[in-house]
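Here is a short tour of one protein chain, written to be read with the model open beside it. Take a moment to look around before reading on.

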Amino acid sequence: MSLRYFNQTGWTAIFNGTDTEIGRMVRVEGWDQTTGTALVVDPKRGALRAVTD
């Protein structure tokens, strides 16, 4: 069994590439209680960020 994509929530967000960044996969760490939007860690901010940002 491969645990490569395993995380606590069991979900992974997949982002398309842009002109300045390549596409990537990011572990979903939780969901916003108000909107239900998935939250991922933004290493540049050092905080959780909605996947829609």
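Read along the sequence, the chain runs β-β-β-β, with 4 strands and 0 helices. Keep in mind that this is a predicted model.

| Property of the protein chain | Value |
|---|---|
| Residues counted as buried, of 53 residues | 21% |
| Contacts (separation of 6 or more) between residues 24 or more positions apart | 5% |
| Accessible surface | about 4,600 Å² |
| Part of that surface belonging to carbon and sulfur atoms | 53% |

Which residues make up the largest nonpolar core? There are 5 residues in this core: Ala13, Val26, Val28, Ala38 and Val40. Strand E2 (24-31) and strand E3 (38-42) each contribute at least two residues to it. In soluble globular proteins, nonpolar side chains tend to be buried together.

Setting aside neighbours within four places in sequence, Val26 touches Thr12, Ala13, Phe15, Val40 and Val41. Two of these contact partners, Ala13 and Val40, also belong to the largest nonpolar core.

Strand E3 also holds Asp42. Is Asp42 buried or exposed? Asp42 counts as buried because its relative accessibility is 9%, and the cut-off for buried is under 20%. A polar atom of the Asp42 side chain lies 3.0 Å from the backbone nitrogen of Lys44. Beyond its neighbours within four places in sequence, Asp42 is in contact with Ala47 and Arg49.

How values were computed: Residues numbered from 1 in each chain as written. Predicted model: local features only at pLDDT ≥ 70, side-chain atom pairs only at ≥ 80, totals over all residues. Heavy atoms only, no water. Core = buried A, V, L, I, M, F, W, Y, C linked by side-chain atoms within 4.5 Å. Buried < 20%, exposed > 50% of the residue type's maximum accessible area, 1.4 Å probe, protein only. Contact = heavy atoms within 4.5 Å. Polar contact = N/O pair within 3.5 Å; in protein donor to acceptor, adjacent residues only side chain to side chain. Areas by Shrake-Rupley, 256 points an atom, 1.4 Å probe, with all protein chains shown as cover.
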